[in-house]
Amino acid sequence: MSDDPRPTSAEEDYLKTIFGLSEWASAPVTSSDIAAELGVANSSVTIMVRKLVARGWLTHEKYSPVSLTQEGFRVALGVVRRHRLLETFLVRELGYTWEEVHDEADALEHAVSERFVERLDALLGHPREDPHGDRIPGPDGTLAETRAVRASLLDEGHPGVFERVSDQSETVLRSLAEAGIRPGASVRVTAEGGLVAEDGRAAAGVNEDVWLRSGPHEGCRLPQAPFEHDDAVEPDDAGGR
Ligand SMILES: [Zn+2]
Ligand SMILES: [Zn+2]
């Protein structure tokens, strides 16, 4: 690309955060969202947003939400790719648990080179998802489509395949781990805002942070839209084993 200096760690964190805030929500990202997510003062966000606009990575009109430019999106996806590959490495090869990896990956993602990341990707066999079920962007900056919906939008008894959990809440990650619920597991939504696995183990109060590929079930109380039932998803009572 151009001979612009590489983004600083702080710039990378902002771009990654802005991408992350919009990845699973359709609402526009505001400066106060960024401040809350990063735990910094609004005035710091204002200064950094101005810098990122000058770098050509953000657009921002006064009193309006911010958005990534095409180039900003590309830089953000690069950081996200490093972060998620590092998380995968820490869990698979170094035996970290999924609630431990986030901070470690946050530090490492700014230090590793492009070459390191591509070697890591090859070593891991080009994974498509990280341990939380988050999509790993390709080296060309592509991101796979997903049809997952937030579990809290589904009715009690609704079946689905666990696709993704936000890596932000340690409590949620721990409850899911204790119930043995991982990406790829067949689950149902419970009355307690949680999930129950096929073996009957359950995690309560997690569904704001969990996304499922939704399956069909009899007596579903949800309108069809926006829940696209995925018929490829087997309901877990379709014939036992
Ligand atoms: Zn993750
Ligand atoms: Zn339903």
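This report describes a predicted model of one protein chain.

## Basis and confidence

Residues are numbered from 1 along each chain as its sequence is written, and chains are lettered from A and ligands numbered from 1 in the order in which they are written. In this predicted model local features need pLDDT of at least 70, side-chain atom pairs count only at pLDDT 80 or more, and totals for chains, interfaces and linings use all residues.

The chain has a mean pLDDT (the predictor's confidence in each residue, from 0 to 100) of 90. In all, 91% of its residues reach 70 or more. Over residues 234-241, pLDDT stays under 50.

## Two domains

Domain 1 covers 1-140 and domain 2 covers 146-241. These bounds come from an automatic or database domain assignment. The C-alpha centres of the two domains lie 27 Å apart.

Ten residues of domain 1 are in contact with eleven of domain 2. Contact means C-beta atoms, placed from the backbone, within 7 Å.

## Helix H1

Helices (H or I, at least four residues) and strands (E, at least two) are DSSP runs, numbered from the N terminus. The buried residues of H1 pack against helix H2 (31-38), helix H3 (42-54), strand S2 (66-68) and helix H4 (70-92). Buried means 20 or more other C-beta atoms, placed from the backbone, within 10 Å of the residue's own. Among these residues are Tyr-14, Leu-15, Ile-18 and Phe-19.

## The sheet

Six strands form an open sheet in the order S3-S8-S4-S5-S6-S7, with antiparallel pairing. Strands pair if DSSP finds at least two bridges between them. Strand S3 (149-150) and strand S7 (202-203) are at the edges with a single partner strand each, so one side of each has no neighbour in the sheet.

Strand S4 (residues 159-165) and strand S8 (residues 210-214) run antiparallel, joined by five bridges. Val-161 stands opposite Arg-213 in S8.

Notes:
Contact = placed C-beta atoms within 7 Å. Buried ≥ 20, exposed ≤ 12 C-beta atoms within 10 Å, placed from the backbone.
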